[in-house]
Amino acid sequence: MTALLEVEHLKSYFKTPRGYLHAVDDVSFSVQEGSTIGVVGESGCGKSTLGRTILHLRESTDGVIRFEGKDITHVHKTELKKLRQQMQMIFQDPYSSLDPRKSVQRIIAEPLRIYRACENAEALRARVLELMDMVGLSADLLESYPHEMDGGRRQRIGIARALAMRPRFIVCDEPVSALDVSIQAQILNLLQDLQQEQKLTYLFITHNLSVVKHISTEIIVMYLGCMVEHCETEELFENPRHPYTRALLSSIPSIDLDRPRTKETLKGELSSPIEPGEGCRFAPRCKYAKKECFTHTPEWRNIGGEHYVACHRSDDLL
């Protein structure tokens, strides 16, 4: 497999009265074509900002973004419009991301109209019906409105709209977090089926580790804008080497009462993401932290088998 997307030292800062908030700080990774890379972490860790920056929904502060080997960090409006056909997003809230004044047909047809992808009204309607069938929506809903549907159907509309221009890369920004558990499973299975049929590549953002384990090929763990661990999914669950990753994994509910579980409770205050300075940002909450953790920023290093971690004490967690 080849890398469809490459991100190098990406930064995205927000200006505040007290300085710059480091929402995404020095993030580097690549996504192989046809795979799914998951991004996990607590709320406010920069997951969604990372996805939006890659898609140019907000501009980066520094770093490089490459798509199909081409530098797209800074592109002209004309180039960006073409790029949007190849890179799309499925939003978290399946209601606020849809225009309540438009019917299902008009919502799904909107990108097709913008890009003039259909020769006439008949071809446009046929393509909309094809997309609806693709995501499991009945043709009877063609003239319905978002408020008339449940969350699962609304999210299917969002997925159909994202697929309209046959993209290759999709950022899934917590696409199931607002849905009931039974509906979550349906949407996840739909995304996996579509990935195989359409040869899609996903950046899947979530705070739910059970979900990311089900769908992802590899996982990035983020904390306050920084990557703290990155490896294949199976490796992360079997051999977590960052204290924050271990705490996240220990919080996953389990119905296996016979399996011994060690609950790792995080204590202490969050570091400020505004002008954070030197040191590990997780140190104030880490029970393994020593003096160097507060004074020296940990290096991003390979600890073997494409398993990367940024932690001074990772060897102590073996």
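The following legends describe close-up views of a predicted model.

Local features are reported at pLDDT of at least 70 and side-chain atom pairs only at pLDDT 80 or more, whereas totals for chains, interfaces and linings use all residues. Residues are numbered from 1 along each chain as its sequence is written, and side-chain values use heavy atoms, with hydrogens and water left out.

**View 1. The open sheet of 8 strands.** The strands follow the order β6-β7-β8-β3-β9-β10-β12-β11, with mixed pairing. The edge strands are β6 (87–90) and β11 (301–302), each of which pairs on one side only. Helices (H or I, at least four residues) and strands (E, at least two) are DSSP runs numbered from the N terminus, and two strands pair if DSSP finds at least two bridges between them. Strands β7 (residues 169–173) and β8 (residues 201–205) run parallel and are joined by 5 bridges. Within this pair, F169 stands opposite T201 in β8. Helix α5 (residues 151–163) packs on the sheet and touches β6 and β7; its direction makes about 175° with that of β6. Helix α6 (residues 181–198) lies across β3 (36–40), β6 and β8, running at about 155° to β8. Axes are lines fitted to C-alpha atoms, for helices over the stretch in contact, and angles run from 0 to 180 degrees between N-to-C directions.

View 2. L203 is buried, with a relative accessible area of 0%. Buried means under 20% relative accessible area, exposed over 50%, and partly exposed in between (1.4 Å probe, protein chains only). Not counting residues up to four places away in sequence, L203 touches F29, I37, V39, G51, I54, F169, I170, V171 and C172; contact means heavy atoms within 4.5 Å. L203 and G38 are 165 residues apart along the chain, yet their C-alpha atoms are separated by 6.0 Å.

View 3. Most residues other than glycine have a negative phi, and most peptide bonds are trans. E174, which is not a glycine, has a positive phi of about 45°. Leaving aside neighbours within four places in sequence, Q184 is in contact with V176, S177, L179 and V211.

**View 4. The open sheet of 4 strands.** The order is β2-β1-β4-β5, with antiparallel pairing. Strands β2 and β5 (70–71) stand at the edges with a single partner strand each, so one side of each is left without a neighbour in the sheet. Helix α1 (residues 47–54) packs on the sheet, touching β1, β2 and β4, and its direction makes about 115° with that of β1. A hairpin joins β1 to β2 through 2 residues. Strands β1 (residues 3–16) and β2 (residues 19–32) pair over 10 bridges, with L5 opposite V31 in β2. Strand β1 is also joined to β4 (residues 62–67) by 5 bridges, and E6 stands opposite R66 in β4. The pairing of β4 with β5 comprises 2 bridges, and here R66 stands opposite D71 in β5.

**View 5. Helix α9 (residues 243–250) and its packing partners.** Helix α9 is mostly covered, as 7 of its 8 residues are buried. The buried residues are P243, Y244, T245, A247, L248, L249 and S250. They pack against α7 (209–215), β9 (218–223), β10 (226–232) and α8 (233–238).

**View 6. The largest cavity.** The structure holds 1 cavity of 30 Å³ or more. On a 1 Å grid over the protein atoms alone, a cavity is a set of points where a 1.4 Å probe fits but cannot get out, and lining residues have an atom within 4 Å of a point. About 80 Å³ of space lies in the largest cavity; grid points are joined across faces, edges and corners, and a volume is the space filled by probe spheres set on the points. The lining has 13 residues, of which C280, F282, C286, C293 and C311 lie nearest the centre. By class, the lining has 10 nonpolar, 2 polar and 1 charged residues. Ala, Val, Leu, Ile, Met, Phe, Trp, Tyr, Cys and Pro count as nonpolar, Asp, Glu, Lys and Arg as charged, and the others, Gly among them, as polar.

Notes. 1 Å grid on protein atoms, 1.4 Å probe; cavity = no way out; pocket = protein on both sides within 12 Å on 5 of 7 lines; lining within 4 Å.
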